[in-house]
Amino acid sequence: MYAVKSVAGAMGLGLIGFYLGLGIVAILRWMFGYPDPWGGEINIIGGWVLGVFLWLMGIGMWGMWGREWFGLKTYQRNLPGWQRYFTFNTDHKVIGIQYLVTFMVVFFLAGALAMLMRAELAQSGNQFLSNSQYNGTMGLHGILMVAVAVAAVIGGIGNYAVPLMIGAQDMAFPRLNALTFWLVPPVAVGLLATPFLGGIEHGWTAYPPLAVFTNSSQVLFSLSIITFGLTSILGALNFIVTIIYMRAPGLTWGRLPIFVWSMFATSWIALLYTQGFAAALLLILLDRLGLSFFDQATGGDPLLYQHVFWFYSHPAVYIMVLPGFGLALEIIAHFSRKPLFAYKYAVAAFLGILGLSGVVWAHHMFTSGMPNYLHGPFLVATELISIPTGLIFLSALGTIWLGRLWLKPPMLFALAVIFNFACGGVTGIFLADVPTDIHLQDTYFVVAHFHYTIVGGEIFALFAAIYYYFPKMTGRMYSERLAKLHFWWMFIGFNATFFLMHLPGIKGMNRRIADFQSELDPLNLTISLAAFLLGASFLVFIWNMVFSWVRGPVAEANPWQVRTLEWQTTSPPPHENFPAPPVVRGGPYDYGVPGSIHATFPSAPSTGFAGAPAGGGQ
C-alpha cells in the first residue's frame, strides 16, 4: 500500500504548499502596503504555483529528479502490480495507461454533465438549472471534453504505442514524460473546484469582458489550463525527439507507421501553437489584476483575445483529430490486409495540415467585427485545408477497396471515423463560407458540426485504439460480442443525436443558452432522448473493459496477426519492450508481398517472441 500512502502524502504536501503560497503572497502584499493582503486573486496564483511544485516533489519527482539538483543519488521505487500506476514511474507503457484511464474517467464525468444539459434542454424554459448554473455546467463540460480530446489519444495511446512502434526502449526523456502526466491531477482538481467559486460562466473559450469581471473561478480555470498547456508542450517536444532520434535501425521515414507520422505532425502543432492559449489566459489574469489588454475604455481591445485564442484553438482541432486519422488509417490497413493506399500522399496530408493549420483561425471570427477585407483570405485558407484532409479520405477508401476486410471491433470504429468525419467535413463547408456562417454562427449547427468532427472523428478513433491495444496492454481479450454491441449502440446514438442537432441550428436556436423558443420543444425532446441513448452505450463499454481486464481470457502476443513492431513482443511487453533490438527490413503494411518481413531480431531466437514469427501477420 506504499502507492496509496505516497499519493496521500503528495496531496498533503500540495495543500501545505498551496496555503504556504497564499501566505507568502499575503506577506509580500502587506510589506508593500496593500490594505487587504489576503483579499487578492494574486494570492491564489502564488498558492497554485507552490502547491503544484510540492505536489510533484511529493509524488516522486524529488527522489527521481530533485535529488540530482543537489548532487544526491536519485532512486525510483519499482512497485509491483497496480501500485506502479500511482507512482512517478518513467516507463512509457505505465504512463500511457495512466493517461488513458485518467482521461476516460474525465470523459465519463464530462458525459454526465452533457446528460444533465440535455435533461435541461428537453423542454423550453428553466427546468432545474438556473441560467447561471447551466452556463457553469456547459463551461465545465466543454473544457473537460477539450482536455480529453487533446490528451487521451496523444498521452494515452501515443505514449503507450509510439516507442513500441519505432522499436525504442522508452521515450527520449522518461522523467519529463512522467512529469507531464503528474501535472494533470492538479489541473483536474482546479477545474472541478470551479463550481465552488461560482462556476465557469464564460464557457470554455473564456471571452472577455465576461472572463475579466466574472467570479474567481476564472482564476482557477486560467491556472489549470496554463498548467495543462505546459504538459502539452513538454509532451510534444518529447515525441518529436523520440521519433527523430530513437527509431530502430532500418526504420526510415518511408517505413514509419502512419500513426507515428500523425503523432509527429500533431506534436509540431502542439509545440508551436499551445503558447497562444496560455498567453491569452495570462492576459486575462493580468486584466483581472488591474491591467487593461481587453478594456476598450482604457485602450484595450477584446478582439485581441479572440485572435490570440483562436490562433491556438483552431490548430488544436488538428491536435485532436490528426492522431485519430492516424489510428483509423493504421487499423484500416491492418484489418483490410492490404498495403496502405497512397501512403506518401497520406504523409503529405499530415504535413500539409501542419503547414496550413496556423493560417485559418479567423474563420471563427467572421461575425466578430473584424475587417471585411480579411474574410476572403481566411475563407480561401479554410477551404484549402480540405485538400490534405481529402487525401486522408482517399487513402482510407483506397485501402478498403477490394481489401479482405476483417470486421472486428477496432475496424468498425475505424470505419466509423471516416463516415463521421465526412459528415462533419460537409457541414464545415457551410461554416467556412462567410454568407452561410453569418446565419449559422453560434447556433446548434456549430455544435453538431464540432461534435461530428471531434467526437465522431477523434473519440471514435480513441475507442478503436482501446479495442485494438487492449490485449497488448492487459494481456487479456474482451468480449467481442459486447464490443460490437457497444459500437452499434454508440454509432446509432451518436448520429441520431448530432444529425438532428443541425435542424434547430438552421432554425436559429442559439448554443450556450439555457432556454429556446417553445416551437422547438418536440425536436429538442427527440435530441435529448437520443443523447440519453448515446450515454447509455458507454455502460456496456465500462462493464466489458473492467470485467475483461480482471477475468478475460489470456490474449496471444499478436491476436490480430499484424506486422508492426508493437505486436512482435509479448502482451503485455517487458519493461524495455523487446528482448533484443529489432532491425527493420521492410514496410509495415506489405501484406500480400511475397517474402516481405517488417522486422527481424538478430539477437533473438529465430521464432521471435512468444512463438510468433518475427514478421508476424505477413
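1. In this predicted model, Leu-402 counts as exposed because its relative accessibility is 72%, above the 50% cut-off. The residue is located in the loop that runs between helix H14 (386-400) and helix H15 (409-432), and its phi is near 60°, a positive value in a residue other than glycine. Most residues other than glycine have a negative phi, and most peptide bonds are trans.

2. Ala-206 likewise has a positive phi, near 55°, and is not a glycine, but with 0% relative accessibility Ala-206 counts as buried. Its place is the loop between H6 and H7.

3. The loop between H6 and helix H7 (210-213) also holds Pro-209, which is joined to Pro-208 by a cis peptide bond with omega of about 5°. A cis peptide bond, with omega of about -5°, also joins Ser-571 and Pro-572, and Pro-572 lies in the loop between helix H19 (521-551) and strand E1 (583-584).

4. Helix H6 (residues 184-192) packs with helix H8 (residues 217-245) at an angle of about 160°, the axes being 8 Å apart; the two helices are therefore roughly antiparallel to each other. The crossing in which H6 passes H8 is left-handed. On the H6 side the contact is made by Val-187, Gly-190 and Leu-191, and on the H8 side by Leu-220, Phe-221, Ser-224, Ile-225, Thr-227 and Phe-228. By residue class, this contact of H6 with H8 comprises six nonpolar and three polar residues, with no charged residue taking part.

Notes
Residues numbered from 1 in each chain as written. Predicted model: local features only at pLDDT ≥ 70, side-chain atom pairs only at ≥ 80, totals over all residues. Heavy atoms only, no water. Axes fitted to C-alpha atoms, helices over the stretch in contact; angles between N-to-C directions. Helix = DSSP H or I, 4+ residues; strand = E, 2+ residues; numbered from the N terminus. Parallel < 35°, antiparallel > 145°, perpendicular 65-115°, else oblique. Left-handed = near helix turned anticlockwise from the far one by under 90°. Contact = heavy atoms within 4.5 Å. Nonpolar A, V, L, I, M, F, W, Y, C, P; charged D, E, K, R; others polar. Buried < 20%, exposed > 50% of the residue type's maximum accessible area, 1.4 Å probe, protein only.
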